[in-house]
Amino acid sequence: MDRTATKSVTCEECIEVLVDYVDGSMDQPTYQAFEAHFADCPPCLDFLRTYKTTITLSARAFNDVEIPEQVSLRLRSYLKEKCAGKKPGQGGPVDV
Amino acid sequence: MPPDHDQDLIDRIRAGDYGAFEELVSRFERKVYALALKLTGNQADAEEIAQDVFLTIYQKLDSFRGESALSSWIYRVTANAAFMKLRDRRKRAKVDFDEKLAGEEIPSLTTTFPQGDWSANADNLLERGELGEKLSDAIAQLPDKFKLIFLLKDVQGLSNEEIGDIVNMSVPAVKSRLHRARLFLREKLQEYVETVGAPNGPHRDEKRDL
């Protein structure tokens, strides 16, 4: 496995900048340099693919939460009891 | 939803329109409950947090000056309420989790190159329901702020700038923590997938999109 630099990019740099790479927030020349490295470096390509898979699988695994109907009903009932008929914004300053 | 709609909603609530407040609750209750549940891992805590959050929003509405998005403010109130709940729970348990709570580092973060592309195998395991629990266990091991940033970005889909606004950090600091959280979760996934079975995804020489 070749871990030496390919063009001007090293394997370590590839791992460090994955956030920007997958976000698409790199400038085009930098992006192309990393693409060239991934094309020539199978371990980094595998790392990239598994990094991206971690993101998509996590989103799928955690994005399925719905608020139960009874919880929603209790929330509305609680808020009505505490808030209805009272002027909003009377709780004093808060760090926002 | 555009900020001017947010401002209109807030103006109506401030003017005493309780229906507008219920509209706000409808818009955000699932997001608030889901974030609270993922941060605390407890349904009863998530329900209490949702009640606290919307009561706080109603009571503190005057202090919202619109300098950040309404959604950012609501996420920030949710995160603070969840962290407070976790702190209380840890105190009751008489376990010193302060270091973890305030932790700026993920314990035992290692980065190991995979023995191949296990993506397809992980996908199959998730489909068969075997991976969800592993992911939940892994995310539970993250320090709270890493967990929050990961959830806001990769689950709720917020931008790095919005997250920085919520957690009061610079964008580079957000990206650094996000990256380390992802590396940690990737490593945990890899350990599991490589233990369960050899990668059966496409051969690495097979041409695929990056």
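## A buried lysine in chain B

At 16% relative accessibility, Lys85(B) counts as buried, because the cut-off for that class is under 20%. This value, like the others in this report, comes from a predicted model. Lys85(B) sits in helix α4 of chain B, which spans residues 70-92. Setting aside neighbours within four places in sequence, the contacts of Lys85(B) are Asp45(B), Glu48(B) and Ile49(B).

## Interface of chains A and B

The size of an interface is often given as the accessible area lost when the parts come together. Between chain B and chain A about 5,500 Å² is buried, and carbon and sulfur atoms give 62% of this area. In terms of residues, 61 of chain B are in contact with 58 of chain A.

Across the interface of chain B and chain A there are 17 residue pairs in polar contact, both residues being at pLDDT 80 or more. On the side of chain B that touches chain A, at least two residues each come from α1 (3-14), α2 (18-40), α3 (43-59), α4, α6 (119-127), α7, α8 and α10 of chain B. The most is given by α2(B), with 11 residues. Sorted by class, this side of chain B has 27 nonpolar, 11 polar and 23 charged residues.

## Salt bridges between the chains

Side chains of opposite charge can pair when their charged atoms come close. Over all chains the count is 15 salt bridges, and between chain B and chain A the count is five. One salt bridge is formed by the side chains of Arg76(A) and Glu29(B), at 2.7 Å from N to O. Arg76(A) is partly exposed at 23% relative accessibility, whereas Glu29(B) is buried at 9%.

Lys80(A) forms a salt bridge with Glu22(B), and their closest N and O atoms are 3.9 Å apart. This pair joins two chains, because Lys80(A) lies in helix α5 of chain A and Glu22(B) in helix α2 of chain B. Both ends are partly exposed: Lys80(A) has a relative accessible area of 46% and Glu22(B) one of 27%.

## Salt bridges within chain B

Asp154(B) and Arg182(B) meet through their side chains in a salt bridge of 2.8 Å, N to O. Asp154(B) belongs to helix α8 of chain B and Arg182(B) to helix α10 of chain B, so the pair ties together parts that are 28 residues apart in sequence. Asp154(B) is buried, with a relative accessible area of 8%, and Arg182(B) is buried at 3%.

A network of salt bridges links Asp8(B), Arg12(B), Asp17(B) and Glu23(B).

## Packing of helix α7 in chain B

Helix α7 of chain B covers residues 132-140, and its Leu135(B), Ala138(B) and Ile139(B) are buried. They lie on the same side of α7(B), because they cover an arc of only 95 degrees around the axis. The buried residues of α7(B) pack against α4 (42-62) of chain A, and also against α8 (144-155) and α10 (171-196) of chain B.

Thr112(B) is in the loop between α5 (98-102) and α6 of chain B. With a relative accessible area of 37%, Thr112(B) is partly exposed. Thr112(B) and Gln190(B) are 78 residues apart along the chain, with 8.8 Å between their C-alpha atoms.

Technical notes
Residues are numbered from 1 along each chain as its sequence is written. Chains are lettered from A and ligands numbered from 1 in the order in which they are written. This is a predicted model: local features need pLDDT of at least 70, side-chain atom pairs count only at pLDDT 80 or more; totals for chains, interfaces and linings use all residues. Side-chain values use heavy atoms; hydrogens and water are left out. Buried means under 20% relative accessible area, exposed over 50%, partly exposed in between (1.4 Å probe, protein chains only). Helices (H or I, at least four residues) and strands (E, at least two) are DSSP runs, numbered from the N terminus. The arc is that of the directions from the helix axis to the C-beta atoms. Contact means heavy atoms within 4.5 Å. Buried area is the accessible area (1.4 Å probe) that two parts lose on being put together, summed over both. A salt bridge is a side-chain nitrogen of Lys or Arg within 4 Å of a carboxyl oxygen of Asp or Glu. A polar contact is a pair of N or O atoms within 3.5 Å; within protein, one must be able to donate a hydrogen and the other to accept it, and residues adjacent in sequence count only if both atoms are side-chain atoms. Ala, Val, Leu, Ile, Met, Phe, Trp, Tyr, Cys and Pro count as nonpolar, Asp, Glu, Lys and Arg as charged, and the others, Gly among them, as polar.
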